[in-house]
Amino acid sequence: MSGELTRKIIHLFSLSIPIGYYYLSYRTTLTILIPLTIIAVFVDYGRFYFTWLNKFFLSLVGPILRPHERDGSRKLISGGSFIFISACFCIIVFPKVIAITAFAILIISDASSALIGRSFGKHHFLDKSLEGTLAFIGTAWIVVAVTPKVNGRWEEYLIGAAAAIIGGIIEASSVTLHADDNFSVPISIGISMWLGYFLFSILSPSSFGQIYNALAG
């Protein structure tokens with residue numbers, strides 16, 4: 001549990017990414033993130049081929065690595081690298097308000113899910129605990145309530161709330177899906193939100209079409 005707590009405390013520092021993107025431009029954010037991502041992936045994957053790099057890597061984060069991240073035969077990059085990769089992906093692919101919301105949910109709700117699930121989880125749900133998944137969804141709804149919106153209409157909050165539930169289910173299914181939740185969660189939330197905006201623009205083109213156009217633009 002102490003290792004997981006340390007992981008999630010470090011995880012929370014990644015909130016600097018969506019917060020920074022809120023204040024910085026698209027270009028400036030990627031100018032900072034892309035080199036950091038390249039360095040992180042190089043060190044993370046290169047450790048399997050260079051002994052000195054592996055020693056350096058383990059001296060920094062060894063105690064908090066999970067077993068599959070230590071396994072040299074599988075050569076899997078760690079969750080930290082996936083955070084950088086998914087941040088770049090979200091920013092490049094999704095509109096700004098969606099990228100910020102999806103990534104903020106990952107950071108806050110994933111940490112909440114792990115800590116609550118490990119401490120109080122008693123009921124099995126998919127690959128995780130029901131308590132942990134409910135903690136994920138509950139904190140994700142709080143994130144949806146405070147993150148930026150295009151116009152602030154009630155539909156935007158509904159879209160975010162529904163996407164949070166989908167993200168919680170994806171997070172709880174990460175073992176079955178064989179996917180790192182640092183990547184699968186924000187991507188699933190981002191896709192769900194974008195589809196939600198598109199759906200409302202079709203159902204209510206006169207009142208919501210302009211919001212979707214502003215989002216897509």
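1. Helix 7 and helix 11 are oblique to each other. On the wording: angles under 35 degrees count as roughly parallel, over 145 as roughly antiparallel, 65 to 115 as roughly perpendicular, and the rest as oblique. Helices here are DSSP runs of H or I with at least four residues, strands are E runs of at least two, and both are numbered from the N terminus.

2. A word on the basis: this is a predicted model, where local features need pLDDT of at least 70, side-chain atom pairs count only at pLDDT 80 or more, and totals for chains, interfaces and linings use all residues. Residues are numbered from 1 along each chain as its sequence is written, and side-chain values use heavy atoms, with hydrogens and water left out.

3. Back to that first pair. The axes of helix 7 and helix 11 come within 9 Å and cross at roughly 140°; axes are lines fitted to C-alpha atoms, for helices over the stretch in contact, with angles from 0 to 180 degrees between N-to-C directions.

4. Contact means heavy atoms within 4.5 Å. By class, this contact has 11 nonpolar, 3 polar and 2 charged residues, where Ala, Val, Leu, Ile, Met, Phe, Trp, Tyr, Cys and Pro count as nonpolar, Asp, Glu, Lys and Arg as charged, and the others, Gly among them, as polar.

5. Helix 6 also packs on helix 7, at about 160° with the axes 9 Å apart. That makes the pair roughly antiparallel, and the crossing is right-handed. Ile-83, Ser-86, Ala-87, Cys-90 and Ile-91 of helix 6 meet Ala-99, Phe-103 and Leu-106 of helix 7.

6. On to the core. The largest nonpolar core has 38 residues, with Ile-98, Phe-103, Ile-105, Ile-189, Met-193 and Tyr-197 touching the most other members. Such a core is a set of buried Ala, Val, Leu, Ile, Met, Phe, Trp, Tyr and Cys residues joined through side-chain atoms within 4.5 Å. Helix 7 gives the largest share, 10 residues. Beyond four places in sequence, Ile-105 touches Asp-110, Phe-136, Ala-140, Val-143, Val-144, Ala-164 and Ile-189.

7. Thr-133 sits in helix 8 and counts as buried, because its relative accessibility is 3%; buried means under 20% relative accessible area, exposed over 50%, partly exposed in between (1.4 Å probe, protein chains only). Leaving out residues up to four places away, Thr-133 touches Ser-113, Phe-125, Gly-168 and Ala-172. Leu-130, also in helix 8, is partly exposed at 33%. With that sequence limit, Leu-130 touches His-123, His-124 and Phe-125.

Technical notes:
Left-handed = near helix turned anticlockwise from the far one by under 90°.
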